Amino acid sequence: MSTPPPPFWPVPPQQPQAYRQPPLNGFALASLLVGLLCLPPLGVVFAVVALVQIAKRQERGRPLAIVGLVVSLVMSVGLVLVTDRVAESFFERVSALEQFENVEGDLTDIEELRAGECFNVPGGDLLDEDPFVYRIACTQVHHAEVTSSTLLTQPVYPGAEQLRKSAADECWKAQDAYAMDTWALPDYAEMFYFSPSRESWRDGDRQLLCVIGTTGEEQRGSLRKDAGMLKPEQVAYLRAANGVDLALGRSPEADLEDGRTQEYRAWAREVDQALAAEARTLEEAKQRPEVGAQAGARLQEVEAARKEWQQAAREVTSAGFDRAWGRALAAMSVETEKALRGAYGLATTVPEWMEESPDAPGGSGGGSGEGPSTGAA
C-alpha cells in the first residue's frame, strides 16, 4: 500500500546573496597620501577627480577625498609660505654676499682685534650687533679703529641697562686715553662699542670692544694720540681736562625734579672733584712761562665753577640746583680753554659737539658727550 503524496512540496529556503560593496576610489586615497607626503597641489587635483568619479560611479571614498582635499589645501598654503621665506632668505644672503665682496680687508674674528688695529664692516654698519669684521691697515680707508679690547669681570650677567652704562663709560675712558687731544678728532669720529648680549654671555662671551667709528668720511691714517706720543705737560693737562669732560657727561638720565635731587647732588660732587684735579694741574702750570698766563686765567674760571658745583651739591630743590648748575656752566669759557690749548700746542679748533651742547641746565655744555654706540645688552 502506497502512501499518498502530500498536497504540495515545500519550497526549499532561499540562500541569502552576498552583499558587494562599491569599490574604493583610488584617487581619494591618492589625494590624501600625495597631499600629506609630497606634492600638495597634486593632492588637490586628485581630490577633485575623486569627488567627480565617486558621484558618477557610486564608489566609496567621499570622506577620504574631502579629507585629502582639506589636507592638500592646508599643505599647499604652508608650502607657499615656506617657499616665500626661503626665497627671501636666499635673496638676502645673495645681497649680503654682494656686500661682502666689496669689503676691503681680511675677514677676522672680532675677538682677535686689539687696540690700534683698524677694520671694515659690510655696508659700514657699526650698529650691527654681530658684524663680520675685516682687518685692514690703518693707512687704508677704514670704518673703525679699536681703542681697547678688554674682558668683563662680572661673575653674572649685569642686565642690559647696567651693561650699557658701564660699557659706554669704559669706552669713553678708553677713547680719551687713546686719542687724548679730543679736539683733534674729526667731527665725523664717533664712539662705538660691541658688548656681549644676554645670549652670548651664556656662551662665555665677555669681550668689550671699544672703537672710534669713522664711517661718515673716508678716513685714512690712525687717530691715535696717546700718552706715549705727547709731551708730559700735555698729558698732564689733557688727563685733567678729559676727566672733567667725562664727569660732565655722566649727568643723570632722569629729569631733575623735587624729591629726586639726590642723584644730581651726587653728580655735582663728582664734577667738583674732577675740577679740583684740573685746578691742581693748572696751579703747577702757572709756574711755566709758556703756559702760565693762560693756565692762570683758566684756573680762575675753574675755581669759580667749583663754588657753584659745591652749592649745587647742597641744594635740596630742583629750582635751586638748576640755578647753581647754570651759574657753574656759565663760569667756564670755551675761549679761555681754546687759548690754553694753543699755549700747550694742542688742537684749537672747537669741535662741533661742544658748539652744539647747550650751555645751560639739561646739557653738559662740554665734555665728551656720548655718541652712537652698539652692542647687544
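Among contacts in the protein between residues at least 6 apart in sequence, 70% link residues at least 24 apart. The structure is a predicted model, and its secondary structure comprises 11 helices and six strands. Of the 377 residues, 41% count as buried, while the protein exposes about 21500 Å², of which carbon and sulfur atoms supply 54%.

The largest nonpolar core is made up of 34 residues, and within this core Tyr237 and Trp309 have the most contacts. Two or more residues are given to this core by each of helix H6 (232–248), helix H7 (262–285), helix H8 (292–314), helix H9 (318–330) and helix H10 (334–344), with H7 providing the largest share, nine residues. When residues up to four places away in sequence are not counted, Trp309 touches Leu248, Trp267, Ala268, Val271, Asp272, Leu275, Trp325, Ala328 and Leu329.

The axes of H8 and H10 lie 9 Å apart and form an angle of about 145°, and H8 passes H10 in a left-handed crossing. On the side of H8 the contact is made by Gln294, Ala295, Ala297, Arg298 and Glu301, and on the side of H10 by Thr336, Glu337, Ala339, Leu340 and Ala343. By residue type, the contact of H8 with H10 consists of five nonpolar, two polar and three charged residues.

Conventions
Residues are numbered from 1 along each chain as its sequence is written. This is a predicted model: local features need pLDDT of at least 70, side-chain atom pairs count only at pLDDT 80 or more; totals for chains, interfaces and linings use all residues. Side-chain values use heavy atoms; hydrogens and water are left out. A nonpolar core is a set of buried Ala, Val, Leu, Ile, Met, Phe, Trp, Tyr and Cys residues joined through side-chain atoms within 4.5 Å. Buried means under 20% relative accessible area, exposed over 50%, partly exposed in between (1.4 Å probe, protein chains only). Helices (H or I, at least four residues) and strands (E, at least two) are DSSP runs, numbered from the N terminus. Contact means heavy atoms within 4.5 Å. Axes are lines fitted to C-alpha atoms, for helices over the stretch in contact, and angles run from 0 to 180 degrees between N-to-C directions. A crossing is left-handed if the near helix is turned anticlockwise from the far one by less than a right angle, and right-handed if clockwise. Ala, Val, Leu, Ile, Met, Phe, Trp, Tyr, Cys and Pro count as nonpolar, Asp, Glu, Lys and Arg as charged, and the others, Gly among them, as polar. Accessible areas come from the Shrake-Rupley method with a 1.4 Å probe; for residues, only the protein chains shown count as cover.
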